[in-house]
There are 2 protein chains.
Amino acid sequence: MALKKEYATQDCALARTLELVGERWTMLVVRDTFYGVRRYSDFLAHLDIPRAVLSTRLRTLTEAGILDKRRYAESPPRDEYVLTDKGEALWPALHALLTWGNLHATDYRTRHREFVHALCGSPLTTAGGCETCGRSAMPPAEIDVHPGPGARDHERSDPVSRALLRPHRLLEPLDTTA
Amino acid sequence: MALKKEYATQDCALARTLELVGERWTMLVVRDTFYGVRRYSDFLAHLDIPRAVLSTRLRTLTEAGILDKRRYAESPPRDEYVLTDKGEALWPALHALLTWGNLHATDYRTRHREFVHALCGSPLTTAGGCETCGRSAMPPAEIDVHPGPGARDHERSDPVSRALLRPHRLLEPLDTTA
């Protein structure tokens, strides 16, 4: 059933949030930007998303101030997409959704990614903090994403999936050419 | 553009999570169950959701083990929907989405709801803990939802919105008949 994008009569912060990030594929695009994916071709290869949908989602996220669109080549013109501060502020919500999925929607023992506090090497708590350092929350710039126990059984072989078989600091550009 | 429900090639905890709770309206239904809404007619009045969509969402959430469907009257047959443990585990994700929306998608000064640690009366931190008690996370059973500064300007007058003008403990059944 087609539903309109807005929840007009739901005058609630959650409804406004879902209007921005609740559309199909949007949070997967946002997840990839935390992993350092910035370029259209990499999103496309990693997400298997229809081109028209990817273009629309990137435009919506840019218009919402969640992504910043930056020209990195002129001929041919090429843009990359980088999280703004407002976008980075989505990390706790993204981490909480991923954590719930790992514990309740998939087999936790075969999870593909793990998040590690980069400074001390401890895995993040389910609440997104670091027990070793006694911190209840952690900015993404201090978090590394590591391959989890199920990463190598993962059937995907696109450049983003391959690059994420190595530990990678969140937000830093992911080198998909190696 | 119609997109199929599954993200089949996205073998990721987030994709599985979004298949369960990422559909239109689903997180608003889940939010209401945290507020203590249990009955079809109350969801319907509060959400202005098409009946067919509400029925589908409640069925999907029940089949996913997020809600438990309980018969509370026999003639006519009437059911209520209560969060399971798996459903209650969505609280950190829901709180993080709401917090982001309050800070980045709406005017924070006119927020409609506030969450308060019931034992000490302190507002929850943006990370969902209690600074006063030195706790980094808080189960929903210890949280009260209070009307925020914008609650009374809120145009809605359905029974759920009216009931939530008084402080209410999360998860406890909301009395919408008062």
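Which side chain does A:Arg57 join in a polar contact of 3.4 Å? The partner is the side chain of A:Thr26, where a polar contact is a pair of N or O atoms within 3.5 Å, with one able to donate a hydrogen and the other to accept it within protein, and with residues adjacent in sequence counting only if both atoms are side-chain atoms. The model is predicted, so local features need pLDDT of at least 70 and side-chain atom pairs pLDDT 80 or more, while totals for chains, interfaces and linings use all residues. Side-chain values use heavy atoms, leaving out hydrogens and water, residues are numbered from 1 along each chain as written, and chains are lettered from A and ligands numbered from 1 in written order.

A:Arg57 sits in helix H4 (residues 51-63) of chain A; helices are DSSP runs of H or I with at least four residues, numbered from the N terminus. A:Arg57 is buried but has no salt bridge, with A:Glu23, the nearest side chain of opposite charge, 4.1 Å away. Buried means under 20% relative accessible area (1.4 Å probe, protein chains only), and a salt bridge puts a side-chain nitrogen of Lys or Arg within 4 Å of a carboxyl oxygen of Asp or Glu.

As for the interface, chain A and chain B bring 50 residues each into contact (heavy atoms within 4.5 Å). The rule finds zero salt bridges across it, but eight residue pairs are in polar contact, both at pLDDT 80 or more. H6(A) gives the largest share of the chain A side, 11 residues.

Key:
Helices (H or I, at least four residues) and strands (E, at least two) are DSSP runs, numbered from the N terminus. Buried means under 20% relative accessible area, exposed over 50%, partly exposed in between (1.4 Å probe, protein chains only). Lys and Arg count as positive and Asp and Glu as negative; His and the chain ends are not counted.
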